[in-house]
Amino acid sequence: MENVILVIHLILALGLIGIVLLQRSEGGGLGIGGGGGGGGVMSSRSAATALGKLTWVFAIAFLCTSITLTVIAAKNSADSSVIDALGIEAPAADSAADPNAPVTPDVTDLLPPTSADDSLTPPRAD
């Protein structure tokens with residue numbers, strides 16, 4: 001099912017690209033194009049062409065297939081992780097059982113010395 005929806009999704013993407021490229025430029029995007037006068041969004045003429053309606057249909061169908069693919073992927077991955085899919089066993093939590101396990105260094109030697117008399121606030125400017 002996921003593969004069928006994915007193929008439909010790819011066909012919709014290619015169709016949407018083709019339909020957008022077939023449409024006449026109305027200008028205003030980069031200051032180029034052959035329109036400007038009568039076909040803008042804020043003009044009195046707002047009749048949608050057949051390509052404009054088809055663009056909306058393809059865009060809505062593309063969004064629906066995107067959401068459907070997301071839901072299917074989330075449902076398939078909810079029960080397992082990537083490690084489970086690869087078949088790799090998780091390492092043992094107790095490193096004392098494995099004598100070849102790397103030893104973690106003692107990080108207390110790396111910290112600067114502290115004394116209880118030192119204040120963490122700067123001295124007053126009196």
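L54 is found in helix α2 (helices are DSSP runs of H or I of at least four residues, strands runs of E of at least two, both numbered from the N terminus). L54 is partly exposed, with a relative accessible area of 37%; buried means under 20% relative accessible area, exposed over 50%, and partly exposed in between, using a 1.4 Å probe and protein chains only.

The model is predicted, so local features need pLDDT of at least 70 and side-chain atom pairs count only at pLDDT 80 or more, while totals for chains, interfaces and linings use all residues. Residues are numbered from 1 along each chain as its sequence is written, and side-chain values use heavy atoms, with hydrogens and water left out.

**Overall make-up**

The protein has 3 helices and 0 strands, in the order α-α-α along the sequence. Of its 126 residues, 8% count as buried. Among contacts with a separation of 6 or more, 69% come from residues 24 or more positions apart; contact means heavy atoms within 4.5 Å.

The table sets out the two helices; the expected span is 1.5 Å times one less than the number of residues.

| Helix | Length | Span, first to last C-alpha | Expected span |
|---|---|---|---|
| α1 | 21 residues | 30 Å | 30 Å |
| α2 | 28 residues | 41 Å | 40 Å |

In each case the span is close to the expected value, for α1 and for α2.

Helix α1 covers residues 2–22, and its buried residues are I5, H9, L12, L16 and I19. Seen down the axis of α1, these residues fall within an arc of 100 degrees, so they line one face of the helix; the arc is that of the directions from the helix axis to the C-beta atoms. An α-helix has 3.6 residues a turn, so residues three or four places apart point the same way. The face of α1 turned away from the buried side carries the exposed residues N3, I11, L14, L21 and L22.

In α2, the buried residues are G52, T55, T65, L69 and I72. The cover over these residues includes α1. In turn, α2 (50–77) is part of what covers the buried residues of α1.

**How the two helices meet**

The two helices, α1 and α2, pack at an angle of about 150 degrees, and their axes are 9 Å apart. Axes are lines fitted to C-alpha atoms, for helices over the stretch in contact, and angles run from 0 to 180 degrees between N-to-C directions. α1 and α2 are therefore roughly antiparallel to each other, a label for angles over 145 degrees, with under 35 counted as roughly parallel, 65 to 115 as roughly perpendicular and the rest as oblique. The crossing of α1 and α2 is left-handed, meaning that the near helix is turned anticlockwise from the far one by less than a right angle; clockwise would be right-handed.

T55, in helix α2, is buried, with a relative accessible area of 15%. Leaving out residues up to four places away in sequence, T55 touches L16, I19, V20 and Q23. A59 also has its place in α2 and is partly exposed, at a relative accessible area of 24%. A59 and G15 are 44 residues apart in sequence and 9.6 Å apart in space, C-alpha to C-alpha.
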